[in-house]
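Let's take a walk through a protein model together. Have a look at the structure below, and then we will go through it piece by piece.

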Amino acid sequence: MPASPSTARAINDRLALRLLQQEGPLTAGQLKQLTGLSRPTVADLVERLAAAGLIAVVGESGEQRRGPNARLYGIVADRAHLAALDVRTEGVSVVVSDLLGAELARASVPIADDTGTGPAVEQAVALVERAAKEAAAGRLHTVGIGAPGLIDPATGELRDSSGLPEWHRRLVAALHERLPARVTVENETNLAALAEQREGAARDRDTFVLLWLGHGTGAAVVLDGRLRRGASGGTGEIGFLPVPGTGALPSATDCDGGFHSLAGSAAIARLAEEHGLVAAGPAHEPPAAALVRAAAATPGAPRCARFLDALADRLAIGAAAVVAVLDPGCVVLAGEVGQAGGDALAARVEERLVRMSPLPAEVRASTLGGDAVLRGALLTARDGAQDELFGPSPR
């Protein structure tokens, strides 16, 4: 059935807004050429979007001809402000951006293990409020949160998980109460995968697995362009994967004895110590990242080469299990440690996968590292805000 006039207008408006988002400011003539719409239809939608405060004249084209046809229209970036949070067990980081995703403010605060739930929540909420003030954001439209743990697929809420501080779950409720904004939460590793697919190492892949290597371990699964969460939201809890070489088995409440015991930051730091490696990095990153970065910078040095080989042996165990079950064709070594290892570590893991699995799998190093969670949370917030402000999706 043909679309009604109102539906057709909504489809045309959304198409024009997406083009302005992707291409930057455009003239009415360029919008006509890119959309294939008639000149009167383009004139109508430009007038309609400008009246709604979504687009405005931002300049003129460089052509000799001046006048209405040379006006450049762009999305009004401050139509809405967004925030993204990366919530870790040891602290919180926040980025505030405009509607197009341009970063306006960034801040972080450490939260000690012995901080009470109430004070920890207050520190995190105050951080968001300060960042929004620094960005001159009168109010936040959408807040995207990346947090460790399981997200209930039915409610979209962070589930109570053993081993994680209570302030994580309280923070989401506090932000709902204190901010006049939409607040969404997603597993941190899933957001990292979204960011790597949109802006990082997996831009050309619609099927891949991301192995998160930071303070802890995790995985995200993207199949045929879709993030897969599982029946309970637990897809990718690879830290609990029983593996050889740990001398124990994980339990339902503790991943010690699982893959985490081979590939978590503390385990990698012990492995580096066994190989006589010492390195110091920024206080906010996992200790293992500095050690791996130093080794990857001089992979020809015997001690560094032996350490990277031993680490690749460990990572390949988890990667091979994932490849055997999912056949993703590509594994991204992500997080601070994955990025620190770079091509030197990725190549070693891929070499071992070739020997261990009949299924081909390319191994790539993250290009976003620990920042991937914030980027993924910001992309999610931006998509949600634009979906609401730009009108209903065309069907």
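We begin at strand E11, which runs parallel to strand E12 (residues 362-365) and is joined to it by four bridges. Helices (H or I, at least four residues) and strands (E, at least two) are DSSP runs, numbered from the N terminus, and two strands pair if DSSP finds at least two bridges between them. Before going further, please keep in mind that this is a predicted model, in which local features need pLDDT of at least 70 and side-chain atom pairs count only at pLDDT 80 or more, while totals for chains, interfaces and linings use all residues. Residues are numbered from 1 along each chain as its sequence is written, and side-chain values use heavy atoms, with hydrogens and water left out.

Back to our strand. Buried means under 20% relative accessible area, exposed over 50%, and partly exposed in between (1.4 Å probe, protein chains only). In a regular strand the side chains alternate between the two faces of the sheet. In E11, Cys330, Val332 and Ala334 point one way, Val331 and Leu333 point the other way, and all are buried.

Now let's visit a sheet. Five strands form an open sheet with mixed pairing, in the order E5-E4-E3-E6-E7. Strand E5 (103-110) and strand E7 (182-187) each have a single partner strand and stand at the edges, so one side of each has no neighbour in the sheet. From one strand to the next, the twist averages 15 degrees; axes are lines fitted to C-alpha atoms, for helices over the stretch in contact, and angles run from 0 to 180 degrees between N-to-C directions. Inside this sheet, strand E3 (residues 81-88) pairs with strand E4 (residues 91-98) in the antiparallel sense over eight bridges, and Leu85 stands opposite Val94 in E4.

Which helix lies across E3, strand E6 (142-147) and E7? That is helix H6 (residues 188-199), running at about 95 degrees to E7. Nine of the 12 residues of H6 are buried, so this helix is largely enclosed by the rest of the structure; among them are Leu191, Ala192 and Ala193. At the N-terminal end, Asn187 caps H6, with a side-chain oxygen 2.9 Å from the backbone nitrogen of Thr189. A polar contact is a pair of N or O atoms within 3.5 Å; within protein, one must be able to donate a hydrogen and the other to accept it, and residues adjacent in sequence count only if both atoms are side-chain atoms.

Our next stop is Thr35, in helix H2 (residues 28-35). Thr35 is buried, with a relative accessible area of 16%. Its side chain reaches the backbone oxygen of Leu31 at 2.6 Å and the backbone nitrogen of Leu37 at 3.2 Å. Not counting residues up to four places away in sequence, Thr35 touches Leu15, Leu19 and Val42, where contact means heavy atoms within 4.5 Å.

Finally, step back to see the whole protein chain. Its secondary structure comes to 12 helices and 12 strands. Along its principal axes, the C-alpha trace spans about 70 × 50 × 45 Å, and buried residues make up 49% of the 395 residues.
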